[in-house]
Each structure stands twice: as C-alpha cells, then as structure tokens.
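Q: I am new to this one and would like to go through it slowly. Could you show me the structure before we start?

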Amino acid sequence: MVRPEMKVAEVLKRWPELLEVFLEASPAFRKLKNPLLRRTMPNLVTVAQAARIGGLAPEELVARLNRALGVEANPSMPLAEESLVGTPPPAWLSAPVGFHLDVRPILEGGGEPFAHIMAAAKEVGPGKRLVLEVLFEPVPLYRVLAKQGFLAWCEKLGERHYRAHFYRQGAEGGIGGGKGVASLTEADWEAYQAEVFIEENLEPPLPMMRVLEALAALKPGEKLLVHHVRRPVHLLARLEEEGHAYALKDLGPGRVELLIRKGG
C-alpha cells in the first residue's frame, strides 16, 4: 500500500497508474505530466508533503491513492515536526538579504520553480539570507538547502502566502561540498577517470541520466569530467543530495565544464 512517508517518485515508479489520481486530486500536481519533473522534485517530496503542497490533508491523499489500488488502509501519519511555521524566529533573521525571489507566479502557472530557487541560492553568500515567497511551506527544500549550509525558517502571511527564509552559514557549508566532503580545487581538474559530452540537441532528462550512469560506473573518489552546453541546475541539486563534490566552469555561451568527484 501507499504510505505517507514514501517518496512520490517511488509511488509513481511502482504504480504508474496512480499518476491520474495525483492529477485529479489537485491542480498543483499538473507539473507531474512533465516526464522531466517526474524525475526531479518527486525524488525529494513525500506523499504527505505533496498533499500539503496540493492543499490536501495527507490522510486524504493517501486514502485516495490506496483506494485506487483496491486497498482500504489508514496508515499512521508522520509527525509534522518538520514544519517550521509557528516556531520562534531565529536570531539570524536580521541578517541582510542576499536574494529575494517570488515563485508564486510560477507555481500558479503550473510551472516548477526548483531550478530558479537553486540558481538564486548560488547567489547568496555566507552571512546572508535567501527569501522566498511561495504558496505553501517548502518543507522539501529544508533538507536540500541544508546540505549547502543553509538554516531555514518560515512564516505564514496568508492562506496561500508563505515567506521562507534561508540563512547561509560560514564557508564550511558552501556549495559543492555535499555532506561535508571537501570542495574540489584547481588541481583536481588536472586528472579524471571518465569523460562525458552533452550535445545541444539532447532532450531532458537524457543529459542528467547520461551523467549519473557514468558516475555510477566510477569508484568512490574517482572523478568525472562533463562537457555541457548549460548549467545543469537539477543535476547539481542531485549531486548535492547524494554527497558528490563538484566544481563548475562557465567557459562562455553554450560551454560549461563540470567536474564531479564521486562520494561514498
């Protein structure tokens, strides 16, 4: 049966027919029609979190999914301690704003703001805040941005207006170090064990899949050089989530080099 703590991606992989149940449950799930988006954010979001994003009670969405499978079950709901709304404001809330981003128009249009958020996070230096205006509490982002050295807090300003604050701590929590792994240096570019080329006409999610397959073939500590045509924001988030160190070089229009050292 479907349980609230299962990732949406896991549910859709095991029971593809449940995609229609998600789509009928809330307009917020329309983005799941996009095959690329089904391979990115659903890997970070649980069914319970997805329900809240869609304006549903977690138990309601779980029950709908299980009924579609012919299962009458009421699994226990996870505790809501991951929510930060209503918790005391942190001392760092007075820190200067490094980037302010309103993703509500993107969400209302059925789009996926994840790439915009990750790009904005890269512009925020230590000691500054990323401030997001969103339609719901962005619980899945807490863990993703924590691995980049961010602390989080969120406030509810209206029925469909939340303001999330992310404070970047010192350089030790910076981008590219995933899970505490030391960042790559210029010397690391001198040697690598594998190489991947991404062509301009390669449609998503094939570029990410090609890189992840090449990375899977390496041993921990070995390096992969990727010749890309653009900054692969979703891939970078995936690397950080899995604890792989990386470094990026923008060489001009249509030319980006990404060096990845396999973690583990």
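**Talking through the model**

A: Among contacts (heavy atoms within 4.5 Å) in the protein chain between residues at least 6 apart in sequence, 70% join residues at least 24 apart.

Q: What should I know about the source and numbering?
A: This is a predicted model, in which local features need pLDDT of at least 70 and side-chain atom pairs count only at pLDDT 80 or more, while totals for chains, interfaces and linings use all residues. Residues are numbered from 1 along each chain as its sequence is written, and side-chain values use heavy atoms, with hydrogens and water left out.

Q: What is the mean pLDDT of the protein chain?
A: The mean pLDDT (the predictor's confidence in each residue, from 0 to 100) is 82, and 85% of the residues in the protein chain reach 70 or more. Over residues 171–181, however, the pLDDT is below 50, and this stretch has 29 contacts in the model beyond near neighbours in sequence.

Q: How many helices and strands are there?
A: The protein chain has nine helices and eight strands, taken as DSSP runs numbered from the N terminus, with helices being H or I of at least four residues and strands being E of at least two.

Q: Let's take β2; how many of its residues are buried?
A: Six of the six residues in strand β2 (residues 129–134) are buried, where buried means under 20% relative accessible area, exposed over 50% and partly exposed in between, with a 1.4 Å probe and protein chains only. Both faces are covered, with Arg129, Val131 and Glu133 on one side and Leu130, Leu132 and Val134 on the other.

Q: And which strands does β2 pair with?
A: Pairing here needs at least two bridges found by DSSP between two strands. Strand β1 (residues 97–102) and β2 pair in the parallel sense over five bridges, and His100 stands opposite Val131 in β2. With strand β4 (residues 161–168), β2 pairs in the antiparallel sense over six bridges, and there Val134 stands opposite Tyr162.

Q: Changing topic, what is the order of the strands in the open sheet?
A: Four strands form that sheet in the order β5-β6-β8-β7, and the pairing is mixed.

Q: Why is one side of β5 and of β7 left without a neighbour in the sheet?
A: β5 (194–197) and β7 (245–252) stand at the edges, each with a single partner strand, so one side of each has no neighbour there.

Q: How does β5 pair with β6?
A: β5 and strand β6 (residues 223–228) pair in the parallel sense over four bridges, and the bridge partner of Phe197 in β6 is His227.
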